[in-house]
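Biologist: I am new to this structure. Please show it, and then I will ask how the labels were reached.

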Amino acid sequence: MKELRTLYPSIEANFTDFIKVDDVHTIYYEESGNPNGHPVVFLHGGPGCGTAPSCRQFFDPEFYRIILFDQRGSGKSTPHANLTNNDTDSIICDMEKIREKLGIDKWLVFGGSWGSTLALSYALQHPDKTMGLVLRGIFLGRQEDIDWIYQEGGASNIFPDKWENFIKVIPEEERGDLITAYYKRLTSEDRATRVEAARAWSMWEGSIVTLHPNDDLVEDFGDEDYAISMATIECHFWMNNMFRDNMNYILDEADIIKDIPTHIAHGRYDMDCRFIGAYLLSKKLNNCTLDATITGHSSGEPEIVDSLVRATDRFKELFK
(Lines give C-alpha, C1' and ligand atoms only; values in the text may rest on other atoms or scores of the structure.)
Protein backbone atom coordinates (compact mmCIF):
# COMPACT_ATOMS: atom_id res chain seq x y z
CA MET A 1 0.00 0.00 0.00
CA LYS A 2 1.37 3.39 -0.99
CA GLU A 3 2.15 5.95 1.69
CA LEU A 4 -0.43 8.72 1.60
CA ARG A 5 0.75 12.25 0.99
CA THR A 6 -0.31 14.81 3.57
CA LEU A 7 -0.76 18.55 3.45
CA TYR A 8 2.28 20.80 3.18
CA PRO A 9 3.23 22.50 6.47
CA SER A 10 1.17 25.51 7.50
CA ILE A 11 2.37 28.90 6.27
CA GLU A 12 1.45 32.51 6.85
CA ALA A 13 0.08 34.77 4.15
CA ASN A 14 2.53 37.11 2.42
CA PHE A 15 -0.22 39.73 2.56
CA THR A 16 -3.99 40.06 2.84
CA ASP A 17 -6.15 42.71 1.21
CA PHE A 18 -9.65 43.66 0.16
CA ILE A 19 -11.01 44.70 -3.21
CA LYS A 20 -14.26 46.60 -3.71
CA VAL A 21 -15.93 44.86 -6.65
CA ASP A 22 -19.24 46.75 -6.86
CA ASP A 23 -21.48 49.07 -4.84
CA VAL A 24 -22.29 46.25 -2.38
CA HIS A 25 -19.48 43.71 -2.08
CA THR A 26 -15.92 43.91 -0.79
CA ILE A 27 -13.86 40.76 -1.35
CA TYR A 28 -11.11 39.45 0.93
CA TYR A 29 -8.11 37.94 -0.85
CA GLU A 30 -4.59 36.93 0.06
CA GLU A 31 -1.30 35.66 -1.34
CA SER A 32 1.01 33.08 0.22
CA GLY A 33 3.91 30.96 -0.97
CA ASN A 34 6.45 32.14 -3.53
CA PRO A 35 5.62 35.69 -4.75
CA ASN A 36 7.43 34.86 -7.99
CA GLY A 37 6.05 31.33 -8.22
CA HIS A 38 3.47 29.80 -10.52
CA PRO A 39 0.05 31.27 -9.68
CA VAL A 40 -2.78 29.07 -8.43
CA VAL A 41 -6.21 30.24 -7.29
CA PHE A 42 -8.14 28.29 -4.64
CA LEU A 43 -11.94 28.25 -4.93
CA HIS A 44 -13.81 27.30 -1.77
CA GLY A 45 -17.02 25.34 -1.58
CA GLY A 46 -20.52 26.12 -0.52
CA PRO A 47 -21.17 28.61 -1.99
CA GLY A 48 -20.83 30.47 1.25
CA CYS A 49 -18.18 28.49 3.14
CA GLY A 50 -15.16 30.80 2.88
CA THR A 51 -11.48 29.89 3.07
CA ALA A 52 -9.21 28.90 5.96
CA PRO A 53 -5.41 29.02 6.39
CA SER A 54 -5.28 25.24 5.79
CA CYS A 55 -6.39 25.84 2.19
CA ARG A 56 -2.84 27.07 1.46
CA GLN A 57 -1.41 23.66 2.33
CA PHE A 58 -2.40 21.78 -0.83
CA PHE A 59 0.47 23.50 -2.64
CA ASP A 60 4.27 23.49 -2.48
CA PRO A 61 4.92 27.02 -1.15
CA GLU A 62 8.34 27.17 -2.75
CA PHE A 63 6.85 26.64 -6.21
CA TYR A 64 3.38 28.16 -6.11
CA ARG A 65 2.11 31.69 -5.71
CA ILE A 66 -1.06 30.77 -3.79
CA ILE A 67 -4.11 33.03 -4.12
CA LEU A 68 -7.10 32.54 -1.82
CA PHE A 69 -10.25 34.65 -1.73
CA ASP A 70 -13.59 34.56 0.04
CA GLN A 71 -16.49 34.67 -2.41
CA ARG A 72 -19.30 37.21 -2.10
CA GLY A 73 -20.92 37.11 1.34
CA SER A 74 -18.49 34.44 2.59
CA GLY A 75 -15.71 34.34 5.16
CA LYS A 76 -14.09 37.74 5.62
CA SER A 77 -15.80 39.28 2.59
CA THR A 78 -18.51 41.82 3.34
CA PRO A 79 -21.40 42.22 3.77
CA HIS A 80 -21.79 38.81 5.40
CA ALA A 81 -24.28 36.42 3.72
CA ASN A 82 -25.53 39.19 1.44
CA LEU A 83 -27.46 37.96 -1.62
CA THR A 84 -27.47 41.14 -3.71
CA ASN A 85 -25.59 40.62 -6.99
CA ASN A 86 -24.45 37.26 -5.64
CA ASP A 87 -24.39 34.92 -8.61
CA THR A 88 -22.02 32.73 -10.60
CA ASP A 89 -20.99 35.24 -13.25
CA SER A 90 -20.39 37.98 -10.68
CA ILE A 91 -17.98 35.72 -8.78
CA ILE A 92 -16.19 34.93 -12.04
CA CYS A 93 -15.86 38.67 -12.64
CA ASP A 94 -14.39 39.01 -9.13
CA MET A 95 -11.79 36.37 -10.01
CA GLU A 96 -10.80 38.36 -13.06
CA LYS A 97 -10.48 41.57 -11.05
CA ILE A 98 -8.22 39.83 -8.55
CA ARG A 99 -6.16 38.22 -11.31
CA GLU A 100 -5.68 41.54 -13.08
CA LYS A 101 -4.91 43.43 -9.86
CA LEU A 102 -2.18 40.91 -9.05
CA GLY A 103 -0.73 41.10 -12.57
CA ILE A 104 -1.31 37.41 -13.24
CA ASP A 105 -1.60 36.32 -16.87
CA LYS A 106 -2.77 32.71 -16.39
CA TRP A 107 -3.23 30.47 -13.38
CA LEU A 108 -3.92 26.95 -12.22
CA VAL A 109 -7.50 26.77 -10.94
CA PHE A 110 -8.20 24.56 -7.90
CA GLY A 111 -11.69 23.96 -6.53
CA GLY A 112 -13.78 21.43 -4.64
CA SER A 113 -17.52 20.78 -4.43
CA TRP A 114 -19.21 24.08 -5.41
CA GLY A 115 -15.62 25.25 -5.97
CA SER A 116 -15.40 22.67 -8.77
CA THR A 117 -18.59 24.12 -10.32
CA LEU A 118 -17.09 27.58 -10.15
CA ALA A 119 -13.72 26.40 -11.48
CA LEU A 120 -15.39 24.72 -14.47
CA SER A 121 -17.63 27.74 -15.07
CA TYR A 122 -14.59 30.04 -14.96
CA ALA A 123 -12.65 27.83 -17.35
CA LEU A 124 -15.57 27.74 -19.79
CA GLN A 125 -15.58 31.54 -19.87
CA HIS A 126 -11.80 32.02 -19.69
CA PRO A 127 -10.07 28.95 -21.15
CA ASP A 128 -7.15 31.15 -22.20
CA LYS A 129 -6.53 32.09 -18.55
CA THR A 130 -6.82 28.54 -17.21
CA MET A 131 -3.55 26.59 -17.37
CA GLY A 132 -5.01 23.56 -15.62
CA LEU A 133 -7.78 22.37 -13.32
CA VAL A 134 -7.46 20.46 -10.04
CA LEU A 135 -10.96 19.50 -8.94
CA ARG A 136 -12.45 17.64 -5.99
CA GLY A 137 -15.97 16.33 -5.39
CA ILE A 138 -17.51 17.38 -8.70
CA PHE A 139 -20.84 19.20 -8.40
CA LEU A 140 -22.39 19.84 -11.81
CA GLY A 141 -25.27 21.90 -10.45
CA ARG A 142 -27.99 20.04 -12.33
CA GLN A 143 -31.46 19.75 -10.84
CA GLU A 144 -30.84 16.07 -10.13
CA ASP A 145 -27.67 16.96 -8.20
CA ILE A 146 -29.58 19.44 -6.05
CA ASP A 147 -32.53 17.09 -5.53
CA TRP A 148 -30.19 14.29 -4.43
CA ILE A 149 -29.15 16.34 -1.40
CA TYR A 150 -32.25 18.39 -0.64
CA GLN A 151 -35.29 16.29 -1.55
CA GLU A 152 -36.44 12.95 -0.19
CA GLY A 153 -35.29 9.90 -2.11
CA GLY A 154 -31.58 10.69 -2.49
CA ALA A 155 -29.08 11.03 0.33
CA SER A 156 -32.06 10.86 2.70
CA ASN A 157 -32.22 7.11 2.01
CA ILE A 158 -28.65 6.69 3.22
CA PHE A 159 -28.95 8.98 6.25
CA PRO A 160 -32.61 8.82 7.31
CA ASP A 161 -31.78 9.68 10.92
CA LYS A 162 -29.87 12.82 9.91
CA TRP A 163 -32.58 13.68 7.37
CA GLU A 164 -35.12 13.82 10.19
CA ASN A 165 -33.17 16.67 11.75
CA PHE A 166 -33.10 18.47 8.39
CA ILE A 167 -36.83 18.34 7.71
CA LYS A 168 -38.18 18.79 11.21
CA VAL A 169 -37.92 22.60 11.00
CA ILE A 170 -40.24 22.54 7.95
CA PRO A 171 -44.00 21.81 8.33
CA GLU A 172 -45.17 18.68 6.52
CA GLU A 173 -47.28 20.64 4.05
CA GLU A 174 -44.15 22.46 2.78
CA ARG A 175 -41.85 19.47 2.42
CA GLY A 176 -42.67 18.88 -1.24
CA ASP A 177 -40.33 21.78 -2.08
CA LEU A 178 -37.73 22.01 0.65
CA ILE A 179 -35.56 24.54 -1.20
CA THR A 180 -38.42 27.05 -1.33
CA ALA A 181 -39.43 26.31 2.26
CA TYR A 182 -35.89 26.83 3.51
CA TYR A 183 -35.38 29.96 1.39
CA LYS A 184 -38.41 31.58 3.04
CA ARG A 185 -36.91 30.94 6.47
CA LEU A 186 -33.30 31.75 5.57
CA THR A 187 -34.40 35.17 4.28
CA SER A 188 -36.82 35.83 7.17
CA GLU A 189 -36.60 39.14 9.00
CA ASP A 190 -36.54 37.18 12.26
CA ARG A 191 -32.97 36.22 13.15
CA ALA A 192 -33.99 33.26 15.34
CA THR A 193 -35.86 31.78 12.37
CA ARG A 194 -32.85 32.29 10.12
CA VAL A 195 -30.44 30.73 12.60
CA GLU A 196 -32.61 27.67 13.20
CA ALA A 197 -32.96 27.02 9.49
CA ALA A 198 -29.28 27.73 8.74
CA ARG A 199 -28.01 25.36 11.42
CA ALA A 200 -30.36 22.56 10.33
CA TRP A 201 -29.32 23.00 6.68
CA SER A 202 -25.60 23.24 7.36
CA MET A 203 -25.47 20.40 9.89
CA TRP A 204 -27.35 18.12 7.49
CA GLU A 205 -24.56 18.66 4.98
CA GLY A 206 -21.93 18.19 7.66
CA SER A 207 -23.52 14.83 8.46
CA ILE A 208 -23.06 13.41 4.95
CA VAL A 209 -19.67 14.65 3.75
CA THR A 210 -17.36 12.11 5.40
CA LEU A 211 -17.06 8.37 4.89
CA HIS A 212 -16.98 7.81 8.65
CA PRO A 213 -19.26 9.81 10.98
CA ASN A 214 -17.57 12.89 12.40
CA ASP A 215 -19.63 14.58 15.11
CA ASP A 216 -17.02 17.29 15.66
CA LEU A 217 -17.25 18.31 12.01
CA VAL A 218 -21.04 18.41 12.19
CA GLU A 219 -20.78 20.77 15.18
CA ASP A 220 -18.36 22.96 13.24
CA PHE A 221 -20.94 23.17 10.45
CA GLY A 222 -23.41 24.35 13.08
CA ASP A 223 -21.37 27.46 13.95
CA GLU A 224 -23.88 30.28 13.64
CA ASP A 225 -22.00 32.66 11.33
CA TYR A 226 -20.69 29.83 9.14
CA ALA A 227 -24.12 28.20 8.91
CA ILE A 228 -25.89 31.43 8.00
CA SER A 229 -23.56 32.28 5.12
CA MET A 230 -23.35 28.71 3.82
CA ALA A 231 -27.05 27.87 4.04
CA THR A 232 -28.36 31.24 2.85
CA ILE A 233 -26.04 31.57 -0.14
CA GLU A 234 -26.36 27.92 -1.16
CA CYS A 235 -30.14 28.06 -1.02
CA HIS A 236 -30.06 31.31 -3.00
CA PHE A 237 -28.05 29.63 -5.76
CA TRP A 238 -30.24 26.53 -5.85
CA MET A 239 -33.43 28.66 -5.89
CA ASN A 240 -32.08 30.45 -8.95
CA ASN A 241 -30.96 27.35 -10.87
CA MET A 242 -27.28 28.24 -10.48
CA PHE A 243 -28.09 31.40 -12.47
CA ARG A 244 -28.04 29.38 -15.68
CA ASP A 245 -30.79 28.94 -18.27
CA ASN A 246 -29.37 25.50 -18.99
CA MET A 247 -28.49 23.67 -15.78
CA ASN A 248 -26.60 21.04 -17.80
CA TYR A 249 -24.29 23.68 -19.25
CA ILE A 250 -21.04 22.22 -17.88
CA LEU A 251 -21.46 18.91 -19.67
CA ASP A 252 -23.03 20.50 -22.74
CA GLU A 253 -20.19 23.03 -23.16
CA ALA A 254 -17.32 20.82 -21.99
CA ASP A 255 -15.82 20.73 -25.49
CA ILE A 256 -14.46 24.24 -24.78
CA ILE A 257 -12.19 22.90 -22.02
CA LYS A 258 -11.60 19.35 -23.27
CA ASP A 259 -7.86 19.85 -23.78
CA ILE A 260 -7.09 21.73 -20.54
CA PRO A 261 -5.05 19.44 -18.24
CA THR A 262 -7.44 18.33 -15.51
CA HIS A 263 -7.20 16.19 -12.38
CA ILE A 264 -10.37 15.08 -10.59
CA ALA A 265 -10.33 13.54 -7.11
CA HIS A 266 -13.75 12.16 -6.22
CA GLY A 267 -14.79 9.79 -3.47
CA ARG A 268 -16.61 6.77 -4.84
CA TYR A 269 -18.75 6.86 -1.69
CA ASP A 270 -19.38 10.60 -1.81
CA MET A 271 -22.96 11.03 -0.55
CA ASP A 272 -22.99 14.80 -1.08
CA CYS A 273 -21.91 14.94 -4.72
CA ARG A 274 -22.40 11.63 -6.50
CA PHE A 275 -19.50 9.98 -8.32
CA ILE A 276 -21.54 9.80 -11.55
CA GLY A 277 -21.02 13.53 -12.07
CA ALA A 278 -17.24 13.18 -12.01
CA TYR A 279 -17.41 10.15 -14.27
CA LEU A 280 -19.62 11.87 -16.88
CA LEU A 281 -17.39 14.93 -16.87
CA SER A 282 -14.21 12.90 -17.27
CA LYS A 283 -15.65 11.22 -20.36
CA LYS A 284 -16.02 14.65 -21.97
CA LEU A 285 -12.37 15.64 -21.45
CA ASN A 286 -9.36 14.52 -23.48
CA ASN A 287 -6.69 15.43 -20.94
CA CYS A 288 -8.22 14.32 -17.66
CA THR A 289 -7.21 12.02 -14.80
CA LEU A 290 -10.07 10.74 -12.64
CA ASP A 291 -8.95 9.41 -9.26
CA ALA A 292 -11.80 7.45 -7.65
CA THR A 293 -10.82 7.38 -4.00
CA ILE A 294 -12.46 5.07 -1.48
CA THR A 295 -13.74 8.00 0.56
CA GLY A 296 -16.59 10.41 1.01
CA HIS A 297 -16.81 14.06 -0.03
CA SER A 298 -14.71 16.04 2.42
CA SER A 299 -11.43 17.64 1.40
CA GLY A 300 -10.07 16.43 4.73
CA GLU A 301 -10.39 12.73 3.86
CA PRO A 302 -6.79 11.39 3.86
CA GLU A 303 -7.11 9.77 0.42
CA ILE A 304 -8.54 12.99 -1.03
CA VAL A 305 -5.67 15.00 0.44
CA ASP A 306 -3.21 12.52 -1.04
CA SER A 307 -4.79 12.76 -4.48
CA LEU A 308 -4.89 16.56 -4.51
CA VAL A 309 -1.35 17.09 -3.22
CA ARG A 310 0.02 14.58 -5.73
CA ALA A 311 -1.89 16.43 -8.46
CA THR A 312 -0.48 19.86 -7.60
CA ASP A 313 2.99 18.29 -7.48
CA ARG A 314 2.49 16.75 -10.93
CA PHE A 315 1.41 20.09 -12.30
CA LYS A 316 4.75 21.51 -11.13
CA GLU A 317 6.46 19.35 -13.75
CA LEU A 318 4.08 20.60 -16.43
CA PHE A 319 4.71 24.24 -15.56
CA LYS A 320 8.52 24.06 -15.30
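**Cysteines, a histidine and a cavity**

Modeller: The sulfur of C273 lies 11 Å from the closest cysteine sulfur, in C49, too far for a bond. This is a predicted model, in which local features need pLDDT of at least 70 and side-chain atom pairs count only at pLDDT 80 or more, while totals for chains, interfaces and linings use all residues. Residues are numbered from 1 along each chain as its sequence is written, and side-chain values use heavy atoms, leaving out hydrogens and water.

Biologist: How do you know that the sulfur of C55 is too far for a bond?

Modeller: A disulfide is a pair of cysteine sulfur atoms within 2.5 Å. The closest cysteine sulfur to that of C55 is in C49, 9.9 Å away, so C55 is too far for a bond. A search of the whole structure finds zero disulfides.

Biologist: What makes H263 count as buried?

Modeller: Its relative accessibility is 4%, so H263 counts as buried. H263 touches L133, D291 and F315, among others, not counting residues up to four places away in sequence; contact means heavy atoms within 4.5 Å.

Biologist: Which residues line the largest cavity?

Modeller: Its lining includes C273, W148 and R274. A cavity is a set of points on a 1 Å grid over the protein atoms alone where a 1.4 Å probe fits but cannot get out, and lining residues have an atom within 4 Å of a point.

Key:
1 Å grid on protein atoms, 1.4 Å probe; cavity = no way out; pocket = protein on both sides within 12 Å on 5 of 7 lines; lining within 4 Å. Buried < 20%, exposed > 50% of the residue type's maximum accessible area, 1.4 Å probe, protein only.
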